[in-house]
Structure formats: C-alpha cells, structure tokens
Amino acid sequence: MSEPAATPSRQMPPRMRSWLFAPGDSERKMAKASESGADIVLFDLEDSVTPESKPGAREAVAAFLATRADRQRIWVRVNPLSGGETAADLDAIMAAAPGGVFLPKAEGREDVSTLDAMLAEREAQHGLAPGSTRVAALVTETPKAMFHCGDYAGDYPGSQRLVAMSWGAEDLSSALGALVQHRPDGSYMPTYELARSLCLLGAVAAGVAPIETVMPEFRDLNALRDRALMVRSQGYRGMLAIHPAQVDVINDAFTPSADEIAHARAVVQAFADNPGAGTVGLDGQMLDRPHLALAERLLAEAGESA
C-alpha cells in the first residue's frame, strides 16, 4: 500500500508589495504590466473583460504566459466560482503554469477547497508539481463573504495554497445598492472600513499576507502614498494597483526605510544584550516582547536576519 502524498508546505512569494492588474484581452497592457516593477502581475479575466470577450481573453492570456520566463510573478484573476466560468478559465491557462490564481468573490474556506480540487486536477493533467499554483482570495466582495473572513485559518484542502487575502469595495457596494463609499474627506464609510479590518484580521489569523484594495484615482500619487503608508502601519503587507504609475509608489511605501531598519536592529540588539529580560529600555522608551517581534518581522521583510 502506497504512502499518502505529503501535504505541501505553504510557499510564500518572496515579495508581495505591489499587485498590478492588466486586462486579459489587451496584449499591449499585459506587456506593459509585465515590464513594470510590480512584484506580482495580475492578468484579469473577470471585471475588466466583457462577457463576449472572455473566450479570446483566455487564449490571449495563455499565449502571453507561454512566452514568459518569469511566470512565477504572473498570476491570473479568474472568474468567480459562482459564475460557472472558472473551469473554462483554468482549462485555458493552466498548461502555461501561471504563478498563482486570484479568486474573486470568495465566501469562505469552502471556495478555496473547491478551487484547490480544480487546480489539482489540472496540475496533474499538465505535469505540474502538486500544489505549486498559489492562491490569493478577495474576501469581502459579497455581504455573505463579510461574515466568513475568519474562516480561512486552519488546515483544510487548499489551505497551503493560500498566500494572500485582499478586499474590495466596488462589488460590495454594488451588492448593497450603496451609492456612496467615501466620506467627504475621502476616507471610507464604516461598512468598507469594516471590510478592510475583517480582511486584515482574517489574513493574519490564517498566516497569509493582507493586501490593500485598489485606489482608482491613479493620477493622485501623493494620496496613494499616504494611503499605502497608512494601511502598512496597520499591518497590511501590500496593495493592489490598476496602473503602472502606481507601482513604484506602492513598492516604496511597503519597503522598510533605512531609519526603520536601524531602529529594528537596535531593538533586537537591546534584547540580545539583556537575555531573558521581558522589557528593555531604548531611547527613553520601555519596550517589551511584542516590540521585539515587530522588529524581527520588519527585518525579515527587509531581507535581513534578526
């Protein structure tokens, strides 16, 4: 009797600061996105492609992927499981081995497990390593989804594929029949701030990267920088982008600065100089173990060992 296959360990991409969308029915835009500095490029088969254009977009994405040597950073946003087109998307693209699949309108771990089974079948069909196709999920796009943001933690079929969770306001707004998403000062109304918070909490509980949603006003790079820095300070690890001009701003905002790295090193050194101490003093502040954990995480994000 053969041994059961081992569950693959979660393989996180090295960097997930910027995720740049490009419509799958435009070879020009896919090429421009691929040439950008985005950590992950997302070819879209969902919202930016009209229903009549989806068959051609699937072929275009598959053909483009097949020409790329950097397919691990090129992902595909498929259509939602509820729409009945996900299988056709995967049938078209999986032979070209995208680095990952972005699942919209996810409503809990069952959707990740359903996608896992679909991916496993096609990985076997095309000779790809089992579990090698990673998954990110958009987890707040329906009212039902909002109640399941905490469901993604734990060990279940597909859990090891999941590396990131993001949120979205546009589809949720449409589902609610809401006419307004923002306050006059540009900040989100409470329902959407709740979505942002639930995504953050659910992602951290699941041990995956929380990724901030898009900023449609792509020309306002100062506002983009402020927002990216704000959500990073709350715990987000990256942000979705809709235009190449946004990529450098996002990458910079989610990259630890020299001052941050120096402070983190000092925190780690202070605890190293006081082995066994629960608290240490540094620059007139009393620091405890959570400060050490934050410093170690920041150094890891910067590619440094603590």
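This passage describes the fold of a predicted protein model, from its overall dimensions to single residues.

Residues are numbered from 1 along each chain as its sequence is written. Because the model is predicted, local features need pLDDT of at least 70 and side-chain atom pairs count only at pLDDT 80 or more, whereas totals for chains, interfaces and linings use all residues; side-chain values use heavy atoms, without hydrogens and water.

The protein contains 11 helices and 10 strands, taken as DSSP runs (helices: H or I, at least four residues; strands: E, at least two) and numbered from the N terminus. The C-alpha trace spans about 65 × 65 × 40 Å along its principal axes. For 306 residues, a compact globule would have a radius of gyration near 19 Å, and the 20 Å of the protein agrees with this; the radius is taken over C-alpha atoms, and the globule rule is 2.2 Å times the number of residues to the power 0.38.

Among contacts (heavy atoms within 4.5 Å) between residues at least 6 apart in sequence, 71% join residues at least 24 apart.

Helix α10 comprises the 15 residues 258-272. The buried residues of α10 are I261, A264, V267, V268, A270 and F271. Their cover includes the strands β9 (279-282) and β10 (285-288), together with helix α11 (289-301).

Helix α3 holds D89, which is buried, with a relative accessible area of 0%. Beyond its neighbours within four places in sequence, D89 is in contact with L45, R58, V78 and N79. The C-alpha atoms of D89 and V61 lie 9.8 Å apart, although 28 residues separate the two in sequence.

Backbone angles were also examined. Most residues other than glycine have a negative phi. A97, which is not a glycine, has a positive phi of about 55°. A97 lies in the loop between α3 (86-93) and β4 (100-103), and this residue is buried, with a relative accessible area of 19%. K105 likewise has a positive phi, near 55°, and is a residue other than glycine; K105 is placed in the loop between β4 and α4 (109-125).

How values were computed. The expected span of a helix is 1.5 Å times one less than its number of residues. Buried means under 20% relative accessible area, exposed over 50%, partly exposed in between (1.4 Å probe, protein chains only).
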